[in-house]
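Visitor: Can you walk me through this one? I'd like to begin with a single residue and its neighbours.

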Amino acid sequence: MVRRALTLCKLLCILVLFSFQFVPISGELLMVQTLTRHGERAPDKIVSKQSCRSIFKSAKDILQKFNAAPGRLTPQGITHMREVGAYIKERYVEGLHWDGIGKDMNKFLNTDYQTHQDEWEFVARAGYRQQRSMAAIVEGIFPFTPVPISVSPRTEDPALGGPAPACGSRTAKMIVDWHKVKGWEMLKQHIDVVEAIETICDVNLTGNPVNAEPGGPNPHAWIGDISDSLDSAFACGVPVPSEVTPELHKDLTKLAFDVQEGSHYDDPQGAIMFAGEFPEQLLSYFERFNDIPEGKNRPKKTPKARLFSCSRELMYGLEKLFGWKTEIKGQPKGRVVSATTFIWELHREQDIFDPSKTGLLVRTYYWQPEMDEPVLLQNDVSLETYRQRYEDYLSKHGGNWQTICDYKHFVPQHNHHDSNYVNPATTVGHETQHNSVNVANSVDSKPVGMAIFAVPVLLVTVYFTVYRRHNGYEQIQ
């Protein structure tokens, strides 16, 4: 009885002394993984050429207004990334956590990176905005400390490439097909918003035009590019026409978000392709602790903290896979704004019915620089349950991304499938995503037949490539 009283007293004292820091109520913290969307960026150059030339007149105009070149992180975006790093530092480097179940409370990560480099791993998607975002996150944790950031070519990065390698043609076709059938119909239901934006941006949105440049596996609707650009303007304090009222901005944001949700994720396989290998890697790292008893060192070559920077498509894919919905103030439910961070904590918890037994539990949060505290994305679940939910989604919707996208016959060096094989779900290549040419190759096709077929396909491809580059875009009717 006396021992229990002393233990309770000790706990209360710790909570009072460190009440300004978040402290888990129980369970030994074993590992943390985070995923952050890149910071605010200046509008892409294509916006000044296509979708909103009246506001963003040129690359030079964008540079002057945002203090950042087109597509690059703005000073506000860099600040927010540093704030993400500072929050991670406050929570896991300075904050106290259980070291052993109900034993002592200590700092989870060391304050000195130089002597504890094995505790950390920093990974960015291949892309300027993601790489610089991660560099700024690191600055928020370890100022003036050079830290290596891992980056892999997108064709070789199944976790952060978004969509996964081999899925580019499949996602391009999926998105374009959705816009052909449903895109303009959705815009017509909000014609007042569309017409207002057409007037303000001096653009014609009839038919729901979709960018052919930069193109690739993730075509963007013009309405989305306009929304993103105005979002950045509001976030960075860049003046916009008075006609862009808060109400119109809110309606445009909701419409653009619905368009992206529909085009990318109405097909449940979209979530699998855009999430790629990330959920598998996330879970497999946690599962390394399955055979590590309490009080023992962590598994070999396993850091305590793995930090990732990415684009929103991956985060939306995860929301769909696990049934999450972020709720950020002033945003449509489920929308992931710049600097939004998903946080996964792996804990070893004691069985409440049998204290002699322990199990691994995952806590999942999201946080954004304007939030005081993280918010749970879902209730705490066992690691086994987390794995089962993921596997159930894959089983229900056609398998993992490797199966859906025929990764077996993908050639990473050339970023396309082996010409002797055809992915049944793929009829659009990167070069002809808006002008699909149905391919009907088979394994047994004769070389002469393939050569005869290849000549007209090549001519069509060259023609449409030149045409698109000359015109800059195509409308999807």
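Visitor: Which residues does Arg41 touch, not counting those up to four places away in sequence?
Guide: Arg41 touches Gly71, Arg72, Leu73, Thr74, Arg129, Asp228 and Ser232; contact means heavy atoms within 4.5 Å. This is a predicted model, where local features need pLDDT of at least 70, side-chain atom pairs count only at pLDDT 80 or more, and totals for chains, interfaces and linings use all residues. Residues are numbered from 1 along each chain as its sequence is written, and side-chain values use heavy atoms, with hydrogens and water left out.

Visitor: Where is Arg41 found?
Guide: In the loop between strand 1 (28-37) and helix 2 (45-51). Helices (H or I, at least four residues) and strands (E, at least two) are DSSP runs, numbered from the N terminus.

Visitor: Is Arg41 buried or exposed?
Guide: Buried, because its relative accessible area is 10%; buried means under 20%, exposed over 50%, partly exposed in between, with a 1.4 Å probe and protein chains only.

Visitor: What joins the side chains of Arg41 and Asp44?
Guide: A polar contact of 3.4 Å. That term means a pair of N or O atoms within 3.5 Å; within protein, one must be able to donate a hydrogen and the other to accept it, and residues adjacent in sequence count only if both atoms are side-chain atoms.

Visitor: Now the whole chain. How many helices and strands?
Guide: The protein chain has 15 helices and 13 strands. Of its 477 residues, 52% are buried.

Visitor: What share of contacts with a separation of 6 or more is between residues 24 or more positions apart?
Guide: They account for 70% of those contacts in the protein chain.
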